[in-house]
Amino acid sequence: MERKNSEMQMFLREMYYPLRIGISQEERKKEQPLLIDMDILFETMQNKKQKIEQTIDYREVQKKIALFLKKKEYLLVEAVTDDIAAFLLQQFPKMKKIQKTCWKPRALAKQKVKSVGIQITKMR
């Protein structure tokens with residue numbers, strides 16, 4: 001029986017990671033919430049037998065991000081966004097394209113801005 005390849009898009013929404021991030025030392029003194037939305041395009045075989053090996057395990061994606069960010073500190077949301085995307089493409093060979101948004105929900109709360117963030121698209 002011939003198997004056909006398919007492209008699929010997986011999404012993960014509002015993943016929460018506490019992170020020391022900010023330009024000033026004052027801002028990085030304590031962890032701030034970093035939220036991540038992600039769309040992942042990947043190629044897979046028809047998966048009628050429902051085997052996890054033929055897809056990308058979204059739990060593994062989440063776990064790998066958490067381990068990657070553990071004990072890290074960033075100045076810019078741009079840097080953490082780019083680093084995570086590059087890391088995931090390295091860790092998951094089936095990934096073809098990642099579109100990712102990272103944002104800090106309270107970065108400009110005093111200015112009455114709900115959140116600020118960066119979106120990046122990386123392809124293999």
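Student: Of the contacts in the protein chain with a separation of 6 or more, what share comes from residues 24 or more positions apart?

Tutor: The model is predicted: local features need pLDDT of at least 70, side-chain atom pairs count only at pLDDT 80 or more, and totals for chains, interfaces and linings use all residues. Residues are numbered from 1 along each chain as its sequence is written, and side-chain values use heavy atoms, with hydrogens and water left out. Contact means heavy atoms within 4.5 Å. For residues 24 or more positions apart, the share of those contacts is 64%.

Student: Which residues form the aromatic pair, and what is the angle between their planes?

Tutor: Rings of Phe, Tyr and Trp (its six-membered ring) pair if their centres lie within 6.5 Å; planes under 30 degrees apart count as stacked, over 60 as edge-to-face and the rest as tilted. The whole structure holds one aromatic pair. That pair is stacked, 4.4 Å centre to centre, and consists of Phe68 and Phe87, with the planes at 25 degrees.

Student: Why does this pair tie together separate parts of the chain, and how many residues apart are they?

Tutor: Phe68 belongs to helix α1 (residues 58–69), whereas Phe87 belongs to helix α2 (residues 77–91). The pair therefore ties together parts whose distance in sequence is 19 residues.

Student: Are Phe68 and Phe87 buried or exposed?

Tutor: Buried means under 20% relative accessible area, exposed over 50%, and partly exposed in between (1.4 Å probe, protein chains only). By this rule, both Phe68 and Phe87 are buried.

Student: Which residue lies over the face of Phe68?

Tutor: A charge sits over a ring if NZ of Lys or CZ of Arg is within 6 Å of the ring centre and within 35 degrees of the ring normal. Arg59 has its charged end over the ring of Tyr58, 5.7 Å from the centre. Over the face of Phe68, at 3.7 Å from the ring centre, lies Lys72.

Student: Which residues does Thr81 contact, leaving aside neighbours within four places in sequence?

Tutor: Thr81 is placed in helix α2. Thr81 counts as buried because its relative accessibility is 0%. With those neighbours left aside, Thr81 is in contact with Lys100, Cys102, Ile118 and Ile120.

Terms used. Helices (H or I, at least four residues) and strands (E, at least two) are DSSP runs, numbered from the N terminus.
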